[in-house]
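Colleague: I am new to this structure, and I would like to go through the terms used for it one by one. Could you set each value against its definition as we go?

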Amino acid sequence: MLNVFKQIWKRRYHPALESHLSVFTVSEAIKPMNNAQFEDADSLLETAYDWLSAQQNSNSMRNIGHYPILGSYCSERPYFESPVAKRDFTGHLNQQLSVGAMPMVITNCHETLLDIIPNLLVDKDEIGIVNINSELLLDQCLDITVGSMLHFALNRYNECRAFHIGIDNHRCNKKQLEYAEDMGCDWLLSNEVIYRNRAMIKEQLARFISHCDKLVVTIDLPSISRHNSNLEKHKLDIAMVLRVLRQCLASDKVLLVQLAGSKEQHIYSKPTQLLVQETGLFFS
């Protein structure tokens with residue numbers, strides 16, 4: 001009789017999720033972003049879910065909301081004066097994690113992840129950050145700026161480690177790679193992330209995943225092209241990015257996926273659609 005009561009209670013107070021993929025859109029103002037750049041990104045991201053929901057397989061996701069996190073924003077427009085946006089974002093994110101959902105955060109900057117990481121650190125779990133990006137995100141600075149996410153994440157939280165996939169060696173110098181090595185990072189250069197090296201990539205990623213209790217995947221949308229062609233040098237082939245994402249999701253360790261882009265051609269693109277669909281298939 002007690003077991004019957006427990007099952008009734010679970011169905012009543014913990015209803016089954018219609019979809020395990022919960023989509024957040026976030027626009028965040030951080031240095032050196034100006035007001036116009038923030039407003040442009042905010043207007044694009046505010047309607048991103050509407051565009052995604054009009055695509056195929058949109059039933060595999062649900063909209064949690066749009067959150068403009070002001071930070072260093074200086075505008076006097078009353079519409080943007082929302083000091084609770086950051087608190088609401090992290091609160092709703094925790095709520096989704098607690099009911100077994102897998103959040104997908106679509107944002108204009110990778111640094112949004114810094115607001116999320118403290119909520120993912122449970123029982124000293126080792127958190128692996130898979131950074132699919134042409135940049136290291138290891139800019140050394142005193143204040144959070146665009147491009148400094150992993151610098152702060154790895155320095156603030158001993159539980160975090162990083163694997164960079166797709167680093168453009170034309171955009172990072174020897175000193176930056178030495179700093180990445182000092183921080184214990186693993187990486188693959190963009191010219192290594194090709195179909196011919198798929199077995200090597202799979203092996204290195206599997207080794208990284210085996211040393212992590214949980215994973216966070218952050219994907220830089222401007223670093224991806226739909227087709228790897230001579231016209232799009234140093235960009236990652238979306239097919240290879242999907243293979244990496246699929247392997248991470250199959251490990252059953254991914255807590256969150258973040259897509260970062262601030263321009264229309266990056267957010268409203270076929271690669272973005274494919275990434276959302278691929279993630280939704282694992283949680284439908």
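This is a predicted model: local features need pLDDT of at least 70, side-chain atom pairs count only at pLDDT 80 or more; totals for chains, interfaces and linings use all residues.

Colleague: Why is H9 called roughly parallel to H11?

Modeller: H9, residues 238-250, and H11, residues 270-282, pack at an angle of about 25°, with their axes 10 Å apart. Angles under 35 degrees count as roughly parallel, and therefore H9 is described as roughly parallel to H11.

Colleague: What makes residues of this contact nonpolar, polar or charged, and how many of each does the contact of H9 with H11 have?

Modeller: The contact of H9 with H11 has 10 nonpolar, 1 polar and 2 charged residues. Arg and Glu count as charged, so Arg-246 of H9 and Glu-278 of H11 belong to that class.

Colleague: H9 also packs with helix H8; at what angle do H8 and H9 pack, and how far apart are their axes?

Modeller: H8, residues 198-210, and H9 pack at an angle of about 35°, with their axes 11 Å apart, and the crossing of H8 and H9 is right-handed. On H8 the contact is made by Arg-198, Ile-201, Lys-202, Leu-205, Ala-206 and Ile-209, and on H9 by Met-240, Arg-243, Val-244, Gln-247 and Cys-248. By class, the residues of this contact divide into 7 nonpolar, 1 polar and 3 charged.

Colleague: What makes H5 roughly parallel to H6?

Modeller: The axes of helix H5, residues 113-120, and helix H6, residues 149-156, come within 10 Å and cross at roughly 25°. With the cut-off for roughly parallel set at angles under 35 degrees, H5 is therefore roughly parallel to H6. H5 passes H6 in a right-handed crossing, where Leu-113, Leu-114 and Ile-117 in H5 meet Met-149, Phe-152 and Ala-153 in H6. The contact of H5 with H6 has 6 nonpolar, no polar and no charged residues.

Colleague: What is known about the largest pocket, and which residues are the closest to its centre?

Modeller: About 650 Å³ of space lies in the largest pocket. Of the 28 residues that line the pocket, Asn-108, Val-146, Asp-220, Pro-222 and Ser-262 are the closest to its centre. Helix H2, residues 35-46, gives the largest share of the lining, 3 residues, and by class the lining has 8 nonpolar, 11 polar and 9 charged residues.

Colleague: How do you know that the peptide bond joining Lys-31 and Pro-32 is cis?

Modeller: The omega of the bond that joins Lys-31 and Pro-32 is about 0°, and the bond is cis; Pro-32 is found in the loop between strand S1 (21-28) and H2.

Colleague: What makes the phi of Leu-137 worth a remark?

Modeller: Leu-137 has a positive phi of about 60° although it is not a glycine, and this residue lies in the loop between strand S4 (127-132) and H6. Most residues other than glycine have a negative phi, and most peptide bonds are trans.

Conventions:
Residues are numbered from 1 along each chain as its sequence is written. Side-chain values use heavy atoms; hydrogens and water are left out. Axes are lines fitted to C-alpha atoms, for helices over the stretch in contact, and angles run from 0 to 180 degrees between N-to-C directions. Helices (H or I, at least four residues) and strands (E, at least two) are DSSP runs, numbered from the N terminus. Angles under 35 degrees count as roughly parallel, over 145 as roughly antiparallel, 65 to 115 as roughly perpendicular and the rest as oblique. Contact means heavy atoms within 4.5 Å. On a 1 Å grid over the protein atoms alone, a cavity is a set of points where a 1.4 Å probe fits but cannot get out, and a pocket is an open set with protein on both sides within 12 Å along at least five of seven lines; lining residues have an atom within 4 Å of a point. Grid points are joined across faces, edges and corners, and a volume is the space filled by probe spheres set on the points. A crossing is left-handed if the near helix is turned anticlockwise from the far one by less than a right angle, and right-handed if clockwise.
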